[in-house]
Amino acid sequence: MSDTHTTGPFIAAIDQGTTSSRCIVFDRDGRIVSVDQKEHEQIFPKPGWVEHDATEIWENVQQVVAGAVEKAGITAADVKAIGITNQRETTLLWDKHTGEPVHNAIVWQDTRTDALCKELGRNVGQDRFRRETGLPLASYFAGPKIRWLLDNVDGLRERAEAGDLLFGTMDSWVIWNLTGGVNGGKHVTDVTNASRTLLMNLRNLEWDPKILSSLDIPASLLPEIKSSAEVYGETASGVLAGVPVASALGDQQAALFGQTCFDKGEAKSTYGTGTFMLMNTGGEPVNSYNGLLTTVGYRIGDQAPVYALEGSIAVTGSLVQWMRDQMGLINSAAEIETLASTVEDNGGAYFVPAFSGLFAPYWRSDARGVIAGLTRYVTKAHIARAVLEATAWQTREITDAMTKDSGVELTALKVDGGMTSNNLLMQTISDFLDAPVVRPMVAETTCLGAAYAAGLAVGFWSGTDELRANWRRAAEWTPRMDAATRDREYKSWLKAVERTMGWIEDEE
């Protein structure tokens, strides 16, 4: 992919994602010079359980870094810094003496900690730690996953108490290995990833001792919390040996950063496996009363942290994969748009993909997927359309919640992620939100955000103003739907959502 005009220096970004790991090399204009990517196995030991092999992931990370550097035709001397972005909440414990994971990583989508979260809620319920952490007590977050491992894997609690184990989300695992692993690897995380553990206090950005003791998690497991843009250490080996590792951001915060949403009220939505919408709320954490999460947006060096409100949808891109792999209704993800475009509307069908419960704004783990409004008239094309509308309606629900919580109206939505190549979906989102939807030139904003933060840390870019000047619009969709149709359809959608709830009974 590299063209002959691109001269260094460069920034490399590693994106350790849910389904794959990749490395992208960027130039000073924020343009992609080269990419390498490798998928890893999804392990499903039981319904609702999802795991990854962290050793496989680290091997893949090393391969894609080497691959991207080789494709770009550059050397370590041309690369000024490496940034890291990662699937958030995915939880790993490893032995600090051997570097071996003690169990597969438990992935963010995994619901095995449901019962534990209910138990931890005691008489208070989901909001027990919300004031300190900005998060509800849900199976999504890392803290309860750590506790589950300590309680359920033989010998782990003893090894943890003895100080032999380290905990990390995937940013910490990658940084520890990059900076030397058992030979002096840096055990760190950044404020954005730490804010997804249920263990960090949002106000002082430190691990909360009260919560650690409530969850019975030894503090010795935990990484040191750093800012999102600072030099954590140097790469110890491989093709980029000696290059500073200079940023870490959870993938959604990285996308917020890459979309240059540096002002209060600016929002982005990333359409991937799941969908995540974040709105910058400035220097103060905004408490949510509408089912959103309060999270750290980013922190540059020793500047004050910037907070965000976040709404997450569990199943969006993975619904299209499900249509392809489990149902065989399409042969490729791109076909969903073609199929959906053969009909004018959804034929009365609504698809609520609550495959692992509902995320924001409901947080109902008892919900399961529903297709409502079926008649003999409905074809697979209508279902395809309902699949795309599901993503758009769920975006609308989150936008409504953000406006209620923050008092800030959404002026435009910046979008990124794999699904943004679907023009019909983008138009539908604009119609349902009644707001413009804007896609940037570089759709890989997650990697770009990690690169931007790493570049700021080493002075490659002067500041956020220079980054903003780098951001370019590629496409924009504006609403074409009349208000009456929008309101009627939204009402039907909400009726379908109600039908998903209470499907799973409490199993003692």
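Is F351 buried or exposed? In this predicted model, F351 has a relative accessibility of 3%, so F351 counts as buried. Its partner in an aromatic pair is F355, with ring centres 6.4 Å apart and planes at 65 degrees, an edge-to-face arrangement. F355, for its part, is partly exposed, at 32% relative accessible area.

Elsewhere, W108, Y140, F141, F276, F359 and W363 come together as one aromatic cluster.

Turning to the cysteines, the model has 0 disulfides. For C261, the nearest cysteine sulfur belongs to C447 and is 17 Å away. C447 in turn has its closest cysteine sulfur in C23, at 7.5 Å, which is too far for a bond because a disulfide needs the two sulfurs within 2.5 Å. Both residues are tucked away from the surface: C261 is buried at 0% relative accessible area, and C447 is buried at 0% as well.

As for helix packing, α12 (residues 380-406) and α16 (residues 483-498) have axes that come within 11 Å and cross at roughly 95 degrees, so the two helices are roughly perpendicular to each other. On the α12 side the contact involves E389, A390, W393, Q394, R396, E397 and D400, which meet R486, E489, Y490, W493, L494 and V497 of α16. Sorted by class, this contact between α12 and α16 has 6 nonpolar, 6 charged and 1 polar residues.

Terms used: Residues are numbered from 1 along each chain as its sequence is written. This is a predicted model: local features need pLDDT of at least 70, side-chain atom pairs count only at pLDDT 80 or more; totals for chains, interfaces and linings use all residues. Side-chain values use heavy atoms; hydrogens and water are left out. Buried means under 20% relative accessible area, exposed over 50%, partly exposed in between (1.4 Å probe, protein chains only). Axes are lines fitted to C-alpha atoms, for helices over the stretch in contact, and angles run from 0 to 180 degrees between N-to-C directions. Helices (H or I, at least four residues) and strands (E, at least two) are DSSP runs, numbered from the N terminus. Angles under 35 degrees count as roughly parallel, over 145 as roughly antiparallel, 65 to 115 as roughly perpendicular and the rest as oblique. Contact means heavy atoms within 4.5 Å. Ala, Val, Leu, Ile, Met, Phe, Trp, Tyr, Cys and Pro count as nonpolar, Asp, Glu, Lys and Arg as charged, and the others, Gly among them, as polar. Rings of Phe, Tyr and Trp (its six-membered ring) pair if their centres lie within 6.5 Å; planes under 30 degrees apart count as stacked, over 60 as edge-to-face and the rest as tilted.
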